[in-house]
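Dear colleague,

I am handing over the structure we spoke about, and below it I set out what was found. Please read the notes with the structure open beside them.

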Amino acid sequence: MNLITAESLTRAFQSTVAVDGINLSIKEGVCTALLGPNGAGKTTTLNMLTGLIKPTGGSIAFDERYHGDRRQYIGYLPQFPKFYGWMSGQEYLMYTGQLCGLTKKAANERAEELLTLVDLAEAKRKRIGGYSGGMKQRLGIAQALVNNPKLVILDEPVSALDPIGRREVLELMKKLKKTTSILFSTHVLHDAEEVSDDIFIMNRGKVVIEGGLAELQTKYQKPTIYIETEEEPDIWCRALKKKEWFRHMHLDKKQLTITVENINTAREELLADATLHKLKPLRFEVVRTTLEDLFMEVAKK
Ligand SMILES: Nc1ncnc2c1ncn2[C@@H]1O[C@H](COP(=O)(O)OP(=O)(O)OP(=O)(O)O)[C@@H](O)[C@H]1O
Ligand SMILES: [Mg+2]
């Protein structure tokens, strides 16, 4: 079931076409990533879906089971959220809850629930000004959940964070996706691969590739073999380049990564290779590459 369906969605700012006739279907119960380099049109797309800005063309339809203004079913964390540094996390969530129409009592209960969910219960009386980047972002996600949305939209939730903050937020998103549909934007492919089920890759206002993560991986991932040896393998490596299954290799001292065409043939031949045995292999592993090559190709266009 689709929560949001956008058809030929377009937004122009004077002569700049930020979003150029894209079709999107965001499914219920999954985490969808909108991936793309800077300026691809991600924020503009999300702002149209949330209703913050109007499209200059195309249409947006929300799941018919949910009547009325779609904004009541959507939670949103902007790319650059602003907080009142002097408020505590708890005060902030109570404030946003009341803005959404909750009574003071209900807002208080919801704030407590959300503070526990985003792991800020212990810091709830601390001023937001003293929160780390990761804590602020988790508070922002809690704020986006205050109205119990059917879909929570997060614009670059991890981009501005250090590795620790990034990990905290990604783990929270993994927890959240069990109960809420998520649509988030990122320019980091690795984040999309880690948490999302569906991916739309945008560039220059258009959706250039879309599909389920597993489907894209099967289609675009290049099988790779990682070999670590006790002896230097450089002479042996030169011979490998002539194999018909060979595509690409990277040698770092005694660590060899080979991208191959046919994983089964390559594995069989390598394991039967007498020279490799003489090099005293320490590790032989079939690894999954990321979709990095695909993303770089798309981003360059
Ligand atoms: N209010 C605006 N007025 C004029 N141009 C705009 C406006 N908002 C966005 N644009 C332009 O539209 C294009 C897409 O911008 P958008 O912010 O949607 O990209 P993005 O994918 O979110 O990028 P980033 O990764 O940097 O956040 C850019 O060329 C941008 O300069
Ligand atoms: Mg953006």
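A backbone N or O atom of Gly41 lies 2.9 Å from an oxygen atom of ligand 1, a polar contact in the sense of a pair of N or O atoms within 3.5 Å. This is a predicted model, in which local features need pLDDT of at least 70 and side-chain atom pairs count only at pLDDT 80 or more, while totals for chains, interfaces and linings use all residues. Residues are numbered from 1 along each chain as its sequence is written, chains are lettered from A and ligands numbered from 1 in the order in which they are written, and side-chain values use heavy atoms, with hydrogens and water left out.

Polar side-chain atoms also approach oxygen atoms of ligand 1, that of Asn38 at 3.0 Å and that of Thr43 at 2.8 Å. Taken alone, ligand 1 exposes 630 Å², of which the protein buries 62% (accessible areas by the Shrake-Rupley method with a 1.4 Å probe).

The residues surrounding ligand 1 (those with a heavy atom within 4 Å of it) include Phe13, Pro37, Lys42, Gln79 and Glu156. The largest share of this shell, three residues, comes from helix α1, residues 42-50 (helices being DSSP runs of H or I, at least four residues).

Elsewhere, helix α4 (residues 133-144) and helix α5 (residues 163-176) pack at an angle of about 25°, with their axes 8 Å apart (axes are lines fitted to C-alpha atoms over the stretch in contact, and angles run from 0 to 180 degrees between N-to-C directions). Therefore α4 is roughly parallel to α5, a term that covers angles under 35 degrees.

With kind regards

Methods
A polar contact is a pair of N or O atoms within 3.5 Å; within protein, one must be able to donate a hydrogen and the other to accept it, and residues adjacent in sequence count only if both atoms are side-chain atoms. Helices (H or I, at least four residues) and strands (E, at least two) are DSSP runs, numbered from the N terminus. Angles under 35 degrees count as roughly parallel, over 145 as roughly antiparallel, 65 to 115 as roughly perpendicular and the rest as oblique.
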